[in-house]
Amino acid sequence: MRFVLVAGCTRTAEIDGISAAGADTDVMVHTPSADLEILEYGKPTSAPVVPVSPTGCPTPAVVSRAVRELLGFETLGVDAGLGSPTCAPTVTIGEESGKDVRRSRPVPDAEEVFENATRLGRALPDDEIVVGETIPGGTTTALGVLTALGERTTVSSSLPENPLALKRDVVNDALTASDLSEGDAAGEPMAAVSRVGDPVLAGVAGTTIGALESGTDVTLAGGTQLAAAAALVRHADVDDPMSLATTSFVAADETAAIEESAADLDLTLTVTDPEFADGDHPAMDAYVAGEAKEGVGMGGALALADQAGVSMAAVRDRVVDVYERVTEAEPAVKP
C-alpha cells in the first residue's frame with residue numbers, strides 16, 4: 001500500500017475569508033510544501049513556515065504523519081503546481097500553480113497535468129493506493145468543478161463556520177469569467193478543471209484513473225475535495241469501484257453532505273472518528289471545535305490505522321508527539 005499526496009496551490013486561496021490553511025495569505029503558499037515535508041520527515045525542513053491556522057490549529061499533516069509513524073506505510077509526494085519549493089522528494093506532474101478562479105482559464109495546463117498524472121498512476125507498482133491532497137482554497141475550486149459538472153454543490157471548509165455564500169459568489173464570478181453555466185462541462189472533466197478548478201484536482205483524478213486502469217485499488221483520502229476528484233473520474237466515463245475515506249468531522253458537517261455525495265458518485269464511504277474530544281490537547285482541541293476537519297489524507301490515514309487495529313488512543317498519543325516536534329521546529333527561512 002502506498003500513500004500518495006498530491007500538492008499544489010491556487011491563488012483562489014488568497015481571497016479573504018476563504019481558507020484557514022495557514023496563518024495568513026503570505027505564508028499560505030508554503031503550506032503544501034511544508035505538508036509534504038511533515039509527512040516525509042516529521043517536521044518542516046526547508047519550508048519557511050509551520051502550517052497552523054490563525055487560531056493555532058495544526059495542519060492535518062500532523063495526523064497523517066502520526067499514523068505513518070505507527071504503521072510505516074510508503075509515501076509518494078506529487079507536485080501538481082507548488083507555489084514554493086519543498087525538500088520532500090516529489091514527482092512533478094505540473095509546473096504552474098492555479099490562478100484565481102475568477103480569471104478565465106485558471107488552470108491552462110489541466111490536460112497536461114491530468115495526462116502526466118494518469119501515466120504516473122499506471123506506473124505505480126502497488127496493489128492499493130490511498131490518495132490525498134493539500135491545497136489551500138481547494139474546497140472553493142472543488143465547488144467550482146462540481147458546479148461546472150452539474151453535480152451536487154456541497155463542500156466543507158477548513159473554518160468552523162463554512163463561508164459557503166462567499167464560495168458560491170466566487171464560483172459564480174468564475175463561471176461568468178469562463179463563460180460557463182451550471183452543468184456545461186458535464187462529460188468534459190478537464191474543461192471543468194481548466195476553467196474553474198485547480199491543478200491538484202487534475203492530479204488526483206489522473207492518478208486515480210491511471211491506477212484503476214492498471215488494476216490498483218484506490219481509496220480517495222479526504223472530504224468534499226476528493227469527492228470532486230471522484231466526480232471528475234466519473235465524468236471521464238470510469239465506473240470502477242472507488243472508496244472515499246474521511247473523518248467524522250466532515251461527516252458531521254451538514255454543509256458538506258458527504259454521505260449524499262458519496263452515494264451520488266457510487267463511492268464506498270468510510271468515516272473514522274479519531275476521538276479527539278478525549279485528547280484534551282491543543283493539537284486536537286481545534287479540530288473538535290470545527291477547524292480543519294480534513295486534508296493531507298487525514299481521513300484515509302485514520303482509516304488505515306483503524307483497519308490495522310491501532311487504537312485511536314495510540315494515534316492521539318503520537319499526534320501529540322508529532323505536534324510538539326512540528327511546533328518546535330525552527331523554520332529554515334523566516335517568512
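Trainee: How many salt bridges does the count come to?

Mentor: Twelve. The rule asks for a side-chain nitrogen of Lys or Arg within 4 Å of a carboxyl oxygen of Asp or Glu. The model is predicted: local features need pLDDT of at least 70, side-chain atom pairs need 80 or more, and totals for chains, interfaces and linings use all residues. Residues are numbered from 1 along each chain as its sequence is written, and side-chain values use heavy atoms, without hydrogens or water.

Trainee: What makes R318 and E69 a salt bridge?

Mentor: Their N to O distance is 3.1 Å. That is within the 4 Å limit, so the pair counts.

Trainee: Where in the chain do R318 and E69 lie?

Mentor: R318 is in helix α14 (residues 312-328) and E69 in helix α3 (residues 61-71). The two residues are 249 residues apart, and the pair links distant parts of the chain. Helices here are DSSP runs (H or I, at least four residues), strands are E runs of at least two, and both are numbered from the N terminus.

Trainee: Why is R318 called partly exposed?

Mentor: Its relative accessible area is 25%. Buried means under 20%, exposed over 50%, and partly exposed in between (1.4 Å probe, protein chains only). R318 is therefore partly exposed. E69, at 23%, is partly exposed too.

Trainee: Which residues are linked with R318 in a network of salt bridges?

Mentor: R65, E69, D321 and R325.

Trainee: What makes R102 and D100 a salt bridge?

Mentor: The closest N and O atoms are 2.7 Å apart. That meets the rule, so the pair counts.

Trainee: Are R102 and D100 buried or partly exposed?

Mentor: R102 has a relative accessible area of 37%, so R102 is partly exposed. D100 stands at 14%, below the buried limit, so D100 is buried.

Trainee: How do you know that E275 and R316 meet in a salt bridge, and what is their N to O distance?

Mentor: The distance is 3.5 Å, which is within the limit, so the pair qualifies. E275 lies in the loop between β7 (267-272) and α12 (282-288), and R316 lies in helix α14, so the pair ties together parts 41 residues apart in sequence.

Trainee: Why is E275 called partly exposed, and why does R316 count as buried?

Mentor: E275 has 35% relative accessible area, so E275 falls in the middle class. R316 has 11%, so R316 is buried.

Trainee: Which residues is G279 in contact with, leaving aside neighbours within four places in sequence?

Mentor: M284 and R316. Contact means heavy atoms within 4.5 Å. G279 is found in the loop between β7 and α12.

Trainee: How far apart are G279 and V131 in sequence and in space?

Mentor: They are 148 residues apart in sequence. C-alpha to C-alpha, they are 27 Å apart.

Trainee: What makes phi of R105 worth a note?

Mentor: Phi is positive, about 50°, although R105 is not a glycine. R105 sits in the loop between β3 (90-92) and α4. At 41%, R105 is partly exposed.

Trainee: What is phi of D237, and where is D237?

Mentor: Phi of D237 is near 65°, a positive value in a residue other than glycine. D237 is in the loop between α9 (224-235) and β6 (242-247).

Trainee: Which residues form a negative surface patch?

Mentor: E95, E111, E112 and E115. Patch residues have over 30% relative accessible area and no salt bridge, with like charges joined within 9 Å and nonpolar side chains (Val, Leu, Ile, Met, Phe, Trp, Tyr) within 5 Å. E115, in helix α4 (residues 110-123), stands at 40%, so E115 passes the area limit.

Trainee: How many helices and strands has the protein chain?

Mentor: It has 14 helices and seven strands. Of its 335 residues, 61% count as buried. Along the principal axes, the C-alpha trace spans about 50 × 40 × 35 Å.

Note on methods: Areas by Shrake-Rupley, 256 points an atom, 1.4 Å probe, with all protein chains shown as cover. Lys, Arg positive; Asp, Glu negative; His and termini not counted. Charge placed at Lys NZ, Arg CZ, Asp CG, Glu CD.
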